[in-house]
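Please read it alongside the sequence and the coordinates.

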Amino acid sequence: MDKLLTEDSVRQLMRQNKLANQDQLTLPRGTILTPAARSFLGEHQIKIKQTNATSAQMKVQAKEAAKPNRWLESANVVIPPVDFNQLSRLGTPLIRLQSTLRQQVLLLLTLLSEQSEEIDQSVVTELVEFVNSLLTKTFDQILTNEDCATDQLKLTSMKLVQPKMLVVQQLQSSVGDVAAVLGDYVRVQPELQQSAYYKAIVQWQMMIQTWTQTILESR
């Protein structure tokens, strides 16, 4: 079937400067414009030009336009190198906890990267910086009870458009994974429960749990 170009697709192409010229839209021969898309182009005085370009090229262009949050690809989650000479260290409660938190935030970023609508970069930046602060804490730093406030995090305010529900469920399931390793840590180090580090992790997990449950219930 020939490529069907809707008004929404044209808007996205314009918003991301995917048009060769702002006053002209070049389409592969055989591309079908919806009446709404044609009307939109007319209102903005954008001329339509047909070419012999393949529909495959147009599909690539449309796919790129459907991912407006390309900046997420540069999100920097702290991932330390693995020291194979100290494998026993990887089994310590803190390292296991931080590894689970890392996997969780990467899953969250994967979910957000699939969005076809723009999301608030500042909100995501705050989330990544917060999780990175958890990932880089040493045991001694945790004992100093340094502040790990979650007050500035706005995950629950983020609205997703047609999110991949399987990934949402995976993210929700990851809360249980974090709770399990956190529980193991507390059994080894009971005083951890009194730390700001512990309380921040619990608040963060409750935030994810509430957010994912809201998304699932909205189906």
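Which residues does Thr100 touch, not counting residues up to four places away in sequence? Thr100 touches Asp177, Val178 and Val181, where contact means heavy atoms within 4.5 Å.

## Basis of the model

This is a predicted model, in which local features need pLDDT of at least 70 and side-chain atom pairs count only at pLDDT 80 or more, while totals for chains, interfaces and linings use all residues. Residues are numbered from 1 along each chain as its sequence is written, and side-chain values use heavy atoms, with hydrogens and water left out.

The protein chain has a mean pLDDT (the predictor's confidence in each residue, from 0 to 100) of 86, and 89% of its residues reach 70 or more. Confidence is lowest in helix α3 (residues 55-65), with a mean of 52, and highest in helix α7 (residues 165-188), at 97.

## Overall fold

The protein chain holds 8 helices and 4 strands. Helices (H or I, at least four residues) and strands (E, at least two) are DSSP runs, numbered from the N terminus. Their order from the N terminus is β-α-β-β-α-β-α-α-α-α-α-α.

Of the 219 residues, 37% count as buried; buried means under 20% relative accessible area, exposed over 50%, and partly exposed in between (1.4 Å probe, protein chains only). Among contacts with a separation of 6 or more, 78% are between residues 24 or more positions apart. The accessible surface of the chain is about 12,900 Å², and carbon and sulfur atoms account for 50% of it. These areas come from the Shrake-Rupley method with a 1.4 Å probe; for residues, only the protein chains shown count as cover.

## Helix α7 and its surroundings

Helix α7 has 24 residues and spans 36 Å from its first C-alpha to its last, close to the 34 Å expected at 1.5 Å a residue. The expected span is 1.5 Å times one less than the number of residues. Buried residues of α7 include Val168, Leu171, Val178, Val181 and Tyr185. The cover over the buried residues of this helix includes α4 (93-113), α6 (139-143) and α8 (196-217).

Thr100 lies in helix α4 and counts as buried, at 15% relative accessibility. Val161, in the loop between α6 and α7, is partly exposed at 36%. Leaving aside residues up to four places away in sequence, Val161 touches Gln115, Ser116 and Glu117.

## Aromatic pair

The structure holds 1 aromatic pair. Phe130 and Trp204 form this pair, which is edge-to-face, at 5.8 Å centre to centre with 70° between the planes. Rings of Phe, Tyr and Trp (its six-membered ring) pair if their centres lie within 6.5 Å; planes under 30 degrees apart count as stacked, over 60 as edge-to-face and the rest as tilted. Phe130 is in helix α5 (residues 121-135) and Trp204 in helix α8, 74 residues apart, and the pair links distant parts of the chain. Both Phe130 and Trp204 are buried.

## Salt bridges

A search of the whole structure finds 5 salt bridges, each a side-chain nitrogen of Lys or Arg within 4 Å of a carboxyl oxygen of Asp or Glu. Arg96 forms a salt bridge with Asp184, with the closest N and O atoms 3.3 Å apart. That pair links distant parts of the chain, Arg96 in helix α4 and Asp184 in helix α7, 88 residues apart. A network of salt bridges links Arg96, Asp184 and Arg187.

Arg11 and Glu7 meet in a salt bridge at 2.8 Å, N to O. They are separated by about one helical turn, because they lie 4 residues apart in helix α1 (residues 7-15).
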